[in-house]
Amino acid sequence: MSQPMSQSQNVSSAASNAATDSSTGLKRASNDMGWEYGILVDPTNLDKIQCKLCGKIMSSGISRLKKHIAQIKGSVSSCPSASKEDIAKCKAAVEEGSKKKKDKLQAAKEIREEVTIIEEDGDDEEVDIVGTRKRPHTLGPMDKYVSDINPGKKTMGQQTISATILKARIEKVDSFLARWVYEAGIPFHAIDNNSFAQFCEAVGQFGVGYQPPSQYKLREPLLKAEVERTKKCLKKQEEEWASTGCSIMTDAWSDRKRRSIMNLCVNCKEGTTFLSSKETSDESHTGEYIFNYVDKCIEEVGPKNVVQVVTDNASNNMAAAELLKIKRPNIFWSSCATHTINLMLEGIGKLPKFKGVIEKAKAFTIFIYAHHTTLAFMRKATKKRDIVRPGVTRFATSFLTLQSLAEKKEALKGMVTSNEWGKSKWGPSSTKGKTPYATVLSISFWNGVSLCLKVFAPLVKVLRLVDGDRPSMGFVYGELQKAKQEIIEACQSKEAQYKPILEIIDAKAQGRLDSPLHLTAYLLNPFYFYKDQTIQNDSSIMEAVIECVERFYPEDVDAQGDVINKELLMYKNKVGMFGKIVAAKGCEANNDNYDPVGWWSNYGNSTPKLQRMAMRILALTSSSSGCERNWSTFEGIHTKKRNRLDATRMSNLVYVQFNAKLINKKARRKEKDVLLASEATYAQGWIVEGGDDDEVEPGSGLTYELLATTMGVDEVFMPRRSGRNVGVREPRELHEEDFVSEDDSEEEENEEIDFESDGDQVLEGYGGEEIEEGDEL
C-alpha cells in the first residue's frame, strides 16, 4: 500500500527510514485512498501518520491526512507539496466521506421515524405500570417527562444538562445494555441491526416502566404475528413472481437431533425468499416424495409464475424431474450450476499435475496447525493472518487456501529461514521439519501453486457468478465457454495439456449446464449475441430455442409460430428497436449496471411474446445455493442451547430471519466472497491429518461429515479428544475475524484496525510459468 519516498521529498533520512520500516511492518486493513499519501510512523500508535509528500507527522487518523493533502483549513495545516491532482483527489474523498456520514445519519433517522406506538387520533392514555414507583403515568414521547438525551436538539423549556452528566447517563445506559449482551451471548454485530434501533426508539416513546414480554409471548403470539407481518412485507417479491417468473429451490438437511428437514425457497429477480420447511424424518426421500412436495409448492406460488425447479444432481431429484415433466411439461427442472462446477473443479484437482501440489500444500498446513510453536511462528510472519481459509465446499477451501499461500509466499519463506525457526525443535534439522522446510523453499512447488491457480481461476470466476444473488441463467453457458478458452491459454494452447481438463468440464456439463434453458438464455442474452452473431448458426442452440418456445407456449401453435418465424427473426436481424445504436451500447459491457431483463424491457416491445419469454428466462437463477445458504440460518437458530425447538417454531424463526434480509432495504450490504464460509467444516483436511469429510475420525469411528452434523460445524473443527484415544490431535482454532471481509471506510471513528487485508479476488497473475513439454496432467 505504501510506496518508498523519493529523494526529492523534504524528509530527513532518519524519519524516512523509520516510516518505511513501520509501513512495511504494519498495514491497516483498509481500502481508503488516503493511504496512497501516508505511512504509519509508530507501530504502537496506529493513528500516527506521516505525509509522504511533505513529511509532516500528524495524529487523528487518515481522515485528517486527507484534509491535510486537500488543504482544507480548520483542523490541520495544508500540505505545501501537494499537486493540484492530489488536492482534487483528496478533496473529493473527504466530501464523499462527509456525504456517507450524512446519509448514514439520515438513514438512522428514517429508521427511527418509522416507529410510532401512539395512535394519531387518540388522546394520551393513562395506565398503571409495574415498577418501583407504582403510580400512573402518561404514555407519550419521552421528552414529556424526562430530559432529552440528545444534546444536539435544544428546545424551549428543555432542562440544561452539563456534558459531564449527560455522558455519565449515556455510559450508565450503555453498561446495562452491554451487560445483557455479554451475559446472554448476543453477537456484537446484532447492535447494528435496524430492528434493534427501532426497538430502542419504541422504548423511548413508551417511557418509564416498560416490561419485556414473557417467553411464552415471544415464542407463540409475537412470533406468529411477526410471521404474518413478514408475509405482508413480501408482497413485492410475489408481484415479481408474476412479472418475470421465479424458480423453486429445494434441499434437505439434518439438524442436531438427526431430524431430516426439507425446505423450499423461491428465487426471483428481487432475491431468494424462504417459503417453508417440513420435517421428513419418517419419510423416504424418493423421487415421488420430492415431486409431491415440490408440486404442492408450485400450486402455492402459482403454476403460471414458476419457470423452473432447481436442485442438486442427486438421483432422487432427477427422478422427481421426470415426474414433473409428465404433469407440468411447461416447467423446467434444472441442475444446480454451483454443484456442477464444483464437480468440475474437484475432477480437475484429481489430475496428477494438480493433485501432487494440493497434497504438498495440505501437508504443509497440517504441519503448521499441528503445533503451537509453528502456528505462532506463522501468525507472527503473516501479521496474525491464517493460511487456511474455509470455503463453502471442500474444493473452495483448497482454492482459497492455495491463493492464501501464494499471497504469503515471501512471508513464509522468511519464516522458515529465520534464526528462530532454525533453532526450534521443528526446524530443518529435525526429522519432521525437513519436508515443510523443503516445500516452502521449493521453486517447483510455488510454480505448481501458481499453475493450479491459473487453471482453476477461470472456473472459480464462473462459480462466483452462479453462486451469487444476481440472476445468472443468461451467463452460465457463455462464461463457461470463456473459461474453457482461458484454460487453453493458461496451458499455452498445448492440446496434450488442456485436453484432459476440457474433457472433465464437458463431461460434467453434459445434461446439466447445456440444457435447452441454458442454451436459449445464451442466445437471448444480447451481451453475447451482439458480439458474436454466429451463435445462431449452431444447430444445437436453435433446437434448444425451439424446444423452449414449445414449452413456454404449449398447445398454442399460433403463438409458437409468431415467436419463431417472426419475432425471433427480428431480434436476430436487429430490426426496429433492436438495431438502435443505443441498444448495442446498452449490452456491450457486462458490469453491475448491465441488466439483460431491463434491456429486453426497453427494446423488445415490438416482439411481445419473445420479450416475455426472454425476460422470464434471463431473470432466472442457475443455482440452488440460495436454498443451501438458508441452512446456515437454521444452524444459527438451532444451536446446542436451543435444540429443543420443534420443527414448526424453527421454521417460523427461519422464515422471519431469512426473509428480513430482503425486507430491510436500508441494511448495509457488504461485498463478500461467496466462496468464503464462516464455519470450518470443509477445512479439516487442511488442518488435521485425515480430516476430510469422507474419512473416519479415529476417536469416535464416525465420519467427519456425521460429526459436523451431530456436534455442530464449529465444534467439529476441533474434534473432541476421547479418553480411549489420546492420540487424536486437536487442530488449532482459526480466528473468526479472518473470514470476514470488511470494506468500510476509515471515516468511522470506532472502526477496528487490523494489520493486513487478505484480498478475496486475487485471480490475475498466477501461473506465469509455462508447462513443460511432456508434463502429464
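What follows is a short tour of a helix, a loop residue, some backbone angles and a cavity.

Please keep in mind that this is a predicted model.

**A helix with a buried side**

Let us begin with helix H26, which spans residues 596-603. Which of its residues are buried? They are Pro596, Val597, Trp599, Trp600 and Tyr603. These residues lie on the same side of H26, because they cover an arc of only 160° around the axis. Their packing partners are helix H8 (235-244), helix H21 (516-524), helix H22 (526-529), helix H24 (557-572), helix H25 (581-585) and helix H27 (608-618). At the start of H26 you can find Asp595, with a side-chain oxygen within 3.1 Å of the backbone nitrogen of Val597.

**A buried loop residue**

Next, find Asn305 in the loop that runs between helix H9 (287-301) and strand S9 (306-311). Is Asn305 buried or exposed? Its relative accessible area is 15%, so Asn305 counts as buried, the cut-off being under 20%. Beyond its neighbours within four places in sequence, Asn305 is in contact with Trp241, Ala242, Gly245, Cys246 and Arg616. Thr244 is 61 residues away from Asn305 along the chain, yet their C-alpha atoms are 7.9 Å apart. The side chain of Asn305 also has a polar atom 3.0 Å from the backbone oxygen of Val301.

**Two positive phi angles**

Now look at Gln71 and Lys384. Gln71 is not a glycine but has a positive phi, and Lys384, also not a glycine, has a positive phi too.

**Space inside**

Rolling a probe the size of a water molecule over the atoms shows where empty space is left. How many cavities of 30 Å³ or more does the count give? There are 2. The second largest cavity holds about 40 Å³ of space. Its lining is made up of 10 residues, and Asn267, Thr272, Gly468, Thr621 and Gly626 are those nearest its centre. Helix H28 (residues 625-637) provides the largest share of this lining, with 3 residues. By type, the lining of the second largest cavity has 7 polar residues, 2 charged and 1 nonpolar.

Technical notes
Residues numbered from 1 in each chain as written. Predicted model: local features only at pLDDT ≥ 70, side-chain atom pairs only at ≥ 80, totals over all residues. Heavy atoms only, no water. 1 Å grid on protein atoms, 1.4 Å probe; cavity = no way out; pocket = protein on both sides within 12 Å on 5 of 7 lines; lining within 4 Å. Points joined across faces, edges and corners; volume = space filled by probe spheres on them. Helix = DSSP H or I, 4+ residues; strand = E, 2+ residues; numbered from the N terminus. Nonpolar A, V, L, I, M, F, W, Y, C, P; charged D, E, K, R; others polar. Buried < 20%, exposed > 50% of the residue type's maximum accessible area, 1.4 Å probe, protein only. Arc of directions from axis to C-beta. Contact = heavy atoms within 4.5 Å. Polar contact = N/O pair within 3.5 Å; in protein donor to acceptor, adjacent residues only side chain to side chain.
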